[in-house]
Amino acid sequence: MKSSRSSGMYSQKHRLSHQSKVEWLAMSLIPLLFMFALSAAADQPKYEIKQIKGNVYRFSTGSHHSAFMVTDEGIFVADPISDAAADYLTKELKKRYKQPIKYLAYSHNHPDHALGGYAFEEAGATTIAHEYAADDIIATKLPTAAPELTFKDDMHVDLGESYVQMHYHGPNNGRGNISFRFMPANVMFVVDWVVIGRMPYKNLPGYDIQGMIHSTEELLAMPEFDVLIGGHADTGKREDVERYLGYLKALYVAVRDGMLEGKSLEQLQREIRLPEYSDLKMYDEWLALNIEGVYRTLNNMSYMNMRPDRD
Ligand SMILES: [Zn+2]
């Protein structure tokens with residue numbers, strides 16, 4: 001009797017402690033699971049296809065964008081982005097349209113835009129790149145489809161009533177980075193050397209600031225375009241590209257002049273403010289990094305640190 005009571009008491013106590021353990025586990029697991037779900041959602045690219053104008057569309061993974069044009073003669077795609085994105089896009093294009101994917105062109109050599117070429121090669125597309133991008137893709141053994149067609153200055157691809165004009169503007173970001181003009185919609189697609197609505201990337205890895213300015217000036221000197229799709233950030237108009245060029249020039253001039261006055265990078269990062277561009281996304285986060293990028297490029301490419309006329 002005594003023992004059974006005590007065992008009853010024990011089991012009740014045990015039950016209670018078991019219950020509180022379950023509660024405790026649940027209380028601590030719920031936020032963990034929630035955080036896991038959130039991070040999984042953040043890692044999972046949100047693919048989106050959006051009609052930009054006429055037969056020209058933007059495909060987005062969230063952080064990266066590519067462009068494609070649909071015609072009665074087939075589909076032209078600019079940039080595969082990644083294996084997963086290319087797998088999704090090739091399947092989605094097959095599902096949505098009766099036309100075959102005729103061409104895949106690379107905007108440049110960097111892996112965050114050029115991977116995924118195999119899916120398009122398997123779908124029967126002919127691959128295109130500027131000769132410098134093609135050289136780099138092959139020389140570095142980038143695991144993507146090797147470009148079959150290459151060009152030096154310009155390439156024109158006809159697809160019935162529509163066509164694509166590709167142009168090389170000289171060095172700007174990476175190797176063999178080109179512009180695409182989809183006609184007759186008159187939509188441009190440019191990756192990395194024009195960014196709309198956001199600061200250029202961090203400390204400008206792989207960027208040639210003078211080349212970016214030169215290429216953007218050349219782009220604006222070409223016949224007017226209606227819309228520009230960027231490889232990152234926003235889609236915009238000519239005014240947006242002009243404003244972006246204004247930022248690049250202001251940044252370049254501020255860093256160059258400061259360097260000629262003998263200022264250190266830390267001093268430049270403390271002093272340079274370009275408030276007229278503070279509405280650009282990542283302005284607070286990346287301005288100091290952008291300054292560092294221009295500073296580094298001016299030393300590496302123009303040997304500013306060797307100038308005898310520095311103060
Ligand atoms: Zn990029």
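Leaving out neighbours within four places in sequence, Leu219 touches His169, Ser179, Met188, Val190, Trp193, Val194, Phe225, Leu228 and Val241, where contact means heavy atoms within 4.5 Å. This is a predicted model, in which local features need pLDDT of at least 70, side-chain atom pairs count only at pLDDT 80 or more, and totals for chains, interfaces and linings use all residues. Residues are numbered from 1 along each chain as its sequence is written, and side-chain values use heavy atoms, with hydrogens and water left out.

**The core around Leu219**

- Leu219 is one of the residues with the most contacts inside the largest nonpolar core, along with Val194, Leu228 and Val255.
- That core has 40 residues; a nonpolar core is a set of buried Ala, Val, Leu, Ile, Met, Phe, Trp, Tyr and Cys residues joined through side-chain atoms within 4.5 Å.
- Two or more residues each come from β11, α6, α7 (238–260), α8 (265–271) and α9 (283–302); helices (H or I, at least four residues) and strands (E, at least two) are DSSP runs, numbered from the N terminus.
- The largest share, nine residues, is from α7.

**Helix α9**

- Among the buried residues of α9 are Tyr283, Trp286, Leu287, Ile291 and Leu298; buried means under 20% relative accessible area, exposed over 50% and partly exposed in between (1.4 Å probe, protein chains only).
- The buried residues of α9 pack against α6, α7 and α8.

- His113 sits in helix α3 (residues 111–114) and Asp192 in the loop between β11 (187–190) and α6 (209–221), so the pair ties together parts 79 residues apart in sequence.
- His113 is buried at 0% relative accessibility, and Asp192 is buried too, at 5%.

**Strands and sheets**

- Strand β5 (residues 101–105) is mostly covered, with four of its five residues buried.
- β5 runs parallel to β4 (residues 74–78), joined by four bridges, and Phe76 stands opposite Tyr103. Two strands pair if DSSP finds at least two bridges between them.
- β5 also pairs in the parallel sense with β6 (residues 126–130), over three bridges; there, Ala105 has Ile128 as its bridge partner.
- Elsewhere, six strands form an open sheet in the order β8-β9-β10-β11-β12-β13, with mixed pairing. Its edge strands are β8 (154–159) and β13 (235–236).
- Within that sheet, β9 (residues 162–168) and β10 (residues 178–183) run antiparallel, joined by six bridges, and Tyr168 has Ile178 as its bridge partner.
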